[in-house]
Amino acid sequence: RPTMAGSQYVLVEFSSMDSYLKIRSVVYEVVVGGFIPIIAHIERYPSIVEDPGVVADLIGLGALIQINADSMLGMDGRKCHKFCKYLMKREQVHFIGSDAHDLTERPSRLKECAVYVEKKWGWDTARRIFVKNPEKMLDIFLPWWYHISVRVGIPCEHCDDAGDCATGGNFCGVCPDIGRLRITIQRISLQ
């Protein structure tokens, strides 16, 4: 099953040559098939960047939107950065991914991006994009007795200021692996 972590979510990537109508058609087919499409790095598709109003249409069809951390940080050019800010202002970004391929040539900049998003759009927005939305995707198949925290330097709601988790143990809070997204899943004792 070609889904994200066994859930209903499917990461969908397009060619930069694809028209908006082709992208819309594929999104529609994925939704009709019973899946939730996440459009990967939407900022790379000229047919969408040149007409950003169509993003609302894709979301209305049932798509979720993912942009890359480097694009949000302005590392992929001014036009790309401007487009990402346009989407952020309209709350049309559901996920920010690393698009990291290795630790040297294309490293993850998720931590820097999370800090930037929090500074520019606030704690609630950063938490929604980097913590809550990934949790929702994982919650589809995880039983309720599991605790999930996404480590990007943003503590979960169970953490105190020191990063110690109230549900038992120090597994939430500020990520010790700077710049890497780490999802920690720990079974909570039922005793």
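This is a predicted model: local features need pLDDT of at least 70, side-chain atom pairs count only at pLDDT 80 or more; totals for chains, interfaces and linings use all residues.
## Salt bridges, a charged patch and local features

Arginine 24 and aspartate 57 form a salt bridge in which the closest N and O atoms are 2.7 Å apart. Because arginine 24 belongs to helix 1 (residues 20-32) and aspartate 57 to helix 3 (residues 54-61), the pair ties together parts that are 33 residues apart in sequence. Arginine 24 is partly exposed, with a relative accessible area of 29%, and aspartate 57 is partly exposed as well, with a value of 30%.

### The chain as a whole

The secondary structure of the chain comes to 7 helices and 6 strands, and along the sequence these elements follow the pattern β-α-β-α-α-β-α-α-β-α-α-β-β. Of the 191 residues in the chain, 42% are buried. When contacts between residues at least 6 apart in sequence are considered, 65% of them join residues at least 24 apart. The chain exposes about 10200 Å², and carbon and sulfur atoms supply 53% of that area.

### The salt bridges

Side chains of opposite charge can pair when their charged atoms come close.

| Arginine 24 | Aspartate 57 | 2.7 Å |

Aspartate 70 is buried, with a relative accessible area of 17%.

Lysine 132 is partly exposed, with a relative accessible area of 28%, whereas glutamate 135 is buried, with a relative accessible area of 10%.

### Helix 5 and the positive patch

On the surface, Arg78, Lys82, Lys89, Arg90 and Lys120 gather in a patch of positive charge. Helix 5 (residues 78-89) contributes the largest share of this patch, 3 residues. Arginine 90 has its place in the loop between helix 5 and strand 4 (95-97), and this arginine is partly exposed, with a relative accessible area of 42%.

Lysine 85 is also found in helix 5, where it is partly exposed, with a relative accessible area of 22%. Leaving aside neighbours within four places in sequence, lysine 85 is in contact with Met72, Tyr116, Lys120 and Trp121; one of these, Lys120, is a member of the positive patch. The C-alpha atoms of lysine 85 and leucine 73, which are 12 residues apart along the chain, are separated by 9.7 Å.

At 13% relative accessibility, threonine 125 counts as buried, because the cut-off for a buried residue is under 20% relative accessible area. Residues up to four places away in sequence not being counted, threonine 125 touches Met88 and Val117.

### Two residues with positive phi

Most residues other than glycine have a negative phi. Histidine 41, although it is not a glycine, has a positive phi of about 25°. Histidine 41 is found in the loop between strand 2 (36-39) and helix 2 (46-49), and at 6% relative accessibility this histidine counts as buried.

Glutamate 91 is another residue other than glycine with a positive value, its phi being near 55°. Glutamate 91 lies in the loop between helix 5 and strand 4, the loop in which arginine 90 also has its place. At 55% relative accessibility, glutamate 91 counts as exposed, whereas histidine 41 counts as buried.

How values were computed: Residues are numbered from 1 along each chain as its sequence is written. Side-chain values use heavy atoms; hydrogens and water are left out. Patches are made of residues with over 30% relative accessible area and no salt bridge: like charges are joined within 9 Å, nonpolar side chains (Val, Leu, Ile, Met, Phe, Trp, Tyr) within 5 Å. Accessible areas come from the Shrake-Rupley method with a 1.4 Å probe; for residues, only the protein chains shown count as cover. A salt bridge is a side-chain nitrogen of Lys or Arg within 4 Å of a carboxyl oxygen of Asp or Glu. Lys and Arg count as positive and Asp and Glu as negative; His and the chain ends are not counted. The place of a charge is taken as NZ of Lys, CZ of Arg, CG of Asp or CD of Glu. Helices (H or I, at least four residues) and strands (E, at least two) are DSSP runs, numbered from the N terminus. Buried means under 20% relative accessible area, exposed over 50%, partly exposed in between (1.4 Å probe, protein chains only). Contact means heavy atoms within 4.5 Å.
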